Amino acid sequence: MNPPRSAADRSAAVRPPRAVRLGARSVAALVLVSTIGVAAFGWPLLADPSSSLAHSTDAPWLFAALLPLLVAVVVATIADSGLGAKAVAMLGVLAAAGAALRPLGAGTAGLEPMFFLMVLAGRVLGPGFGFVLGSVTMFASALLTGGVGPWMPFQMLAMGWVSMGAGLLPGPDRLRGRAERLLLAAYGAVSSVLYGTVMNLQGWPYLGGLATGVSFDPGDPVHENLVRFLAYCMATSLGWDLPRAVLTTVLILTIGGTVLRALRRASRRAAFEAPVTFGREPAAPPAGPAAERT
């Protein structure tokens, strides 16, 4: 009779291998790019009204040029720390699937079915793989749909955050079934709205100087600009963010279980963490008369 397995053994049996194990360099790179990303998105609210940055129209373009370089550095760092050939192959498949899903909504009312796949893949494959997947998928979909512009680096970073956050949710080893789907559906709804909100910060400063109650005024205090920004979100993007959140929630609750099982099965079969071993070649047949007789 086999001896009873320990809790660690049972956990290892249900835990799919992570495609990327984050090391110290990768974590440091993620923290750095996320910190700069917060500044890139929130500089209108973070900059002092009397500073030259607050009154500059070059800041959004500066961050738009800087962010793709930083995202590329993070992706390279994560890849160098353990993104093997199997993980690259899965990254390519999932990024292609996500890029193909994005145009299905045809830009109607913010319906973007790619969000549910990014959430589920980040949950199964971990935060490091999730960040790379979200960034690469958004880049590929921008090329596919012709959505290349100064907003693209911000979209790459924001989608990387969405997928990475799913990988950081609690209970990746033990939470399964309906409870997990409810957790992911709630996260998908919240992240869908937050994605639209932070993307509004990217374009909102361009409205500065307009005589409206929702435009950015660099000379006003933070709380007044924040009120304007919230009014801007409600007037412009809330009608897109809420349908995106509803669609993501519905997809996770209906087909999320099937997709999660497929991703976990693919992860186990890929055996990302299995060491590569090289077998010995079979010995050559003996030479001489004995070999001739055979």
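Figure 1. Of the 294 residues in the chain, 43% are buried, where buried means under 20% relative accessible area, exposed over 50%, and partly exposed in between (1.4 Å probe, protein chains only). The accessible surface of the chain comes to about 15,000 Å², and 68% of this surface belongs to carbon and sulfur atoms; accessible areas come from the Shrake-Rupley method with a 1.4 Å probe, and for residues, only the protein chains shown count as cover. Among the contacts in the chain with a separation of 6 or more, 79% are between residues 24 or more positions apart, a contact being heavy atoms within 4.5 Å.

Residues are numbered from 1 along each chain as its sequence is written. Because the model is predicted, local features need pLDDT of at least 70 and side-chain atom pairs count only at pLDDT 80 or more, while totals for chains, interfaces and linings use all residues; side-chain values use heavy atoms, with hydrogens and water left out.

**Figure 2. Helix H5 and the residue that follows.** Helix H5 has 12 residues and reaches 16 Å from its first C-alpha to its last, close to the 16 Å expected at 1.5 Å a residue; the expected span of a helix is 1.5 Å times one less than its number of residues. H5 is mostly covered, with 12 of its 12 residues buried. Among these buried residues are Met114, Phe115, Phe116 and Arg123. Gly126 follows H5 and has a positive phi, near 100°.

**Figure 3. Glu180 and its two arginine partners.** Which residue forms a salt bridge with Glu180 at 2.9 Å between the closest N and O atoms? The partner is Arg123; a salt bridge is a side-chain nitrogen of Lys or Arg within 4 Å of a carboxyl oxygen of Asp or Glu. This pair links distant parts of the chain, with Glu180 in helix H8 (residues 177-203) and Arg123 in helix H5, 57 residues apart. The side chains of Arg264 and Glu180 also meet in a salt bridge (2.5 Å, N to O). Here the linked parts are helix H10, which holds Arg264, and helix H8, which holds Glu180, 84 residues apart. Glu180 is buried, with a relative accessible area of 2%, and Arg123 counts as buried at 2% relative accessibility. Arg264 is likewise buried, its relative accessible area being 8%.

Figure 4. By the salt-bridge rule, the count comes to 5 salt bridges. In one of them, Glu112 pairs with Arg244, the closest N and O atoms being 2.9 Å apart. Glu112 lies in the loop between helix H4 (85-101) and helix H5 (114-125) and Arg244 in helix H10, so the pair ties together parts that are 132 residues apart in sequence. Glu112 counts as buried at 12% relative accessibility, and Arg244 is buried with a relative accessible area of 6%. Salt bridges that share partners join Arg102, Glu112, Asp241 and Arg244 into one network.

Figure 5. Asp241 is found in helix H10 (residues 238-270). Is Asp241 buried or exposed? At 3% relative accessibility, Asp241 counts as buried. Leaving aside residues up to four places away in sequence, Asp241 touches Ser192, Val193, Gly196 and Thr197.

Figure 6. The 15 residues of helix H9 (residues 222-236) should span 21 Å at 1.5 Å a residue, and its end C-alpha atoms are 21 Å apart, which agrees. Asn225, Arg228, Phe229, Tyr232 and Cys233 are the buried residues of H9. Seen down the axis of H9, these buried residues fall within an arc of 140°, so they line one face of the helix; the arc is that of the directions from the helix axis to the C-beta atoms. On the other side of H9, His223, Val227, Met234 and Ala235 are exposed.

**Figure 7. A nonpolar surface patch.** Phe139, Leu143 and Val148 form a nonpolar patch on the surface, with about 270 Å² of accessible area together. Patches are made of residues with over 30% relative accessible area and no salt bridge; like charges are joined within 9 Å, and nonpolar side chains (Val, Leu, Ile, Met, Phe, Trp, Tyr) within 5 Å. Val148 is found in the loop between helix H6 (127-145) and helix H7 (152-167), and at 48% relative accessibility Val148 counts as partly exposed.

Methods:
Helix = DSSP H or I, 4+ residues; strand = E, 2+ residues; numbered from the N terminus.
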